[in-house]
Amino acid sequence: KRIDGWNVEGALNGYKKYTCSFNKGTFDLNQKLSGLPEGTYKVTVHTFYRAGSYEEEEANINAGKDTHLMKFYAKTAEQDYVKAIMNLSEGAKDITAMPEGINTSVINGITVPDGTDASIACFNAGYFLNELPFYVGQDGEVTIGLKLAETIGTNDYTVVGAWHRYY
């Protein structure tokens, strides 16, 4: 229940094919980077947040509940940068063609990946990419991460894929 180089607190479910998943609980996944040149950066991560089971996410969205509870963050000495992660159906609505042979479910008429392997196939196809720009000051340090501070369903779920940092 650990990932080398990362601080993991909370509901880590598993680690598979260079991804990790969290479900049924809150979590904070983060990494401190040091020795960076001062300047503007962008960090990206393939991930989504599902607010409960597939049926619960659909019901939550249709009831007008906020389903953007998982946050993407970068913390520097000067500022905290925070952005909501896309929910599963929101991220899937722009998928032009699901990768072949994956398990899928449907939320409000939108076909979504079902499970870790299906999510990985979508990530490998470039889907569910979240971006966060930030500025690193003279101290050259930033902590990047994902955090879910509250859950609203019986099976809140996310799969976290590849991270990239750009300068």
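Let's start with contacts. In this chain, residues 24 or more positions apart account for 71% of the contacts with a separation of 6 or more. Keep in mind that this is a predicted model.

Now the layout. The chain has three helices and 10 strands. Read from the N terminus, the order is β-β-β-α-β-β-α-β-β-α-β-β-β. Along the principal axes, the C-alpha atoms fill a box of roughly 50 × 30 × 30 Å.

Next, the surface. Of the 167 residues, 49% count as buried.

Let me go to one residue, Asn-87. Where is it? Asn-87 is in the loop between strand S5, residues 80-84, and helix H2, residues 88-92. Is Asn-87 buried or exposed? Buried, because its relative accessible area is 4%, and the cut-off for buried is under 20%.

What does the side chain of Asn-87 reach? Start with the backbone. The side chain of Asn-87 comes to 3.3 Å from the backbone nitrogen of Ser-89. It also comes to 2.7 Å from the backbone nitrogen of Glu-90. Then there is a side-chain partner. Asn-87 makes a polar contact with the side chain of Thr-67, at 2.8 Å.

Leave out neighbours within four places in sequence. Asn-87 is then in contact with Phe-48, Tyr-49, Glu-57, Ile-61, Thr-67 and His-68. Take Phe-48. Asn-87 and Phe-48 are 39 residues apart in sequence. Their C-alpha atoms are 5.3 Å apart in space.

On to helix H3, residues 116-124. Which residues of H3 are buried? They are Thr-116, Ala-118, Ser-119, Ile-120, Cys-122 and Phe-123. A reminder on helix geometry: an α-helix has 3.6 residues a turn, so residues three or four places apart point the same way. What covers the buried residues of H3? The cover includes strands S1 (7-16), S2 (19-33) and S3 (39-47). It also includes S7 (110-113) and S10 (157-166). After H3 comes Gly-126, with a positive phi near 95°.

Val-112 is in S7. Val-112 counts as buried because its relative accessibility is 0%. Again, set aside residues up to four places away in sequence. Val-112 touches Tyr-54, Leu-88, Ser-89, Ala-92, Met-98, Asn-103, Thr-104, Ser-105, Val-106 and Ile-107. One of these, Ser-89, has its backbone nitrogen reached by the side chain of Asn-87. Val-112 and Ala-149 are 37 residues apart along the chain, and their C-alpha atoms are separated by 24 Å.

Last topic: backbone angles. Most residues other than glycine have a negative phi. Two residues here are worth a look. Tyr-18 is not a glycine, yet its phi is positive, about 65°. Tyr-18 lies in the loop between S1 and S2. Tyr-18 counts as exposed, because its relative accessibility is 74%. The other is Lys-24. Lys-24 also has a positive phi, near 60°, in a residue other than glycine. Where does Lys-24 lie? In strand S2. Lys-24 is exposed as well, with a relative accessible area of 60%.

To recap. Asn-87 is buried at 4%, and its side chain makes a polar contact with that of Thr-67. Val-112, in S7, is buried at 0%. Tyr-18 and Lys-24 carry positive phi values, about 65° for Tyr-18 and near 60° for Lys-24. That's my tour.

Methods: Residues numbered from 1 in each chain as written. Predicted model: local features only at pLDDT ≥ 70, side-chain atom pairs only at ≥ 80, totals over all residues. Heavy atoms only, no water. Helix = DSSP H or I, 4+ residues; strand = E, 2+ residues; numbered from the N terminus. Buried < 20%, exposed > 50% of the residue type's maximum accessible area, 1.4 Å probe, protein only. Contact = heavy atoms within 4.5 Å. Polar contact = N/O pair within 3.5 Å; in protein donor to acceptor, adjacent residues only side chain to side chain.
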